[in-house]
Amino acid sequence: MTFRLFPLLVALGLAVVASNAGADTLLMERTQKESSMSMPTRGMSMAQVESRYGAPLAKLDPRGGGKPQHPVINRWEYDNFIVYFERSHVIDSVAKRAGSTEIGPKSRH
């Protein structure tokens, strides 16, 4: 009985490895694309971002600000990325997802 299960377990293991290999390739391609993409960097002011990248497609509703330890977070949406500001300075820029099967912020278009 044990010998009959072994080929099945090996086949299942190979299927998992094969599916993960495709995901790793996608992740590597995505990382390379993001690293070459020009996005705002941490510390830039809102004025600097708008001067360099133009007006955003949308200025999303601010979040937070109810307590001093929870400052207002503003979000600006551009074609390929979203910029997050703490008060008026960039804290992060995130590339939008490339396709419908990728996890990440969706394009609003």
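**Salt bridges and sheet**

Glutamate 77 and lysine 96 are both buried, a class that means under 20% relative accessible area, with exposed being over 50% and partly exposed in between (1.4 Å probe, protein chains only). The model is predicted, so that local features need pLDDT of at least 70 and side-chain atom pairs count only at pLDDT 80 or more, while totals for chains, interfaces and linings use all residues. Residues are numbered from 1 along each chain as its sequence is written, and side-chain values use heavy atoms, with hydrogens and water left out.

*Salt bridges*

- The whole structure holds 2 salt bridges, each defined as a side-chain nitrogen of Lys or Arg within 4 Å of a carboxyl oxygen of Asp or Glu.
- One of them joins glutamate 77 to lysine 96, with 2.6 Å between the closest N and O atoms.
- This pair links distant parts of the chain, 19 residues apart, as glutamate 77 lies in strand S2 (residues 73–77) and lysine 96 in the segment after strand S4 (89–95); strands are DSSP runs (E, at least two residues), numbered from the N terminus.
- Arginine 87 and glutamate 86 also form a salt bridge, at 3.5 Å from N to O; arginine 87 is partly exposed at 49% relative accessible area, and glutamate 86 is partly exposed at 32%.

*Sheet*

- An open, antiparallel sheet is built from 4 strands in the order S1-S2-S3-S4, where two strands pair if DSSP finds at least two bridges between them.
- Strand S1 (58–63) and S4 stand at the edges with a single partner strand each, so one side of each has no neighbour in the sheet.
- Antiparallel strands S1 and S2 are joined by 4 bridges, and arginine 63 has isoleucine 73 in S2 as its bridge partner.
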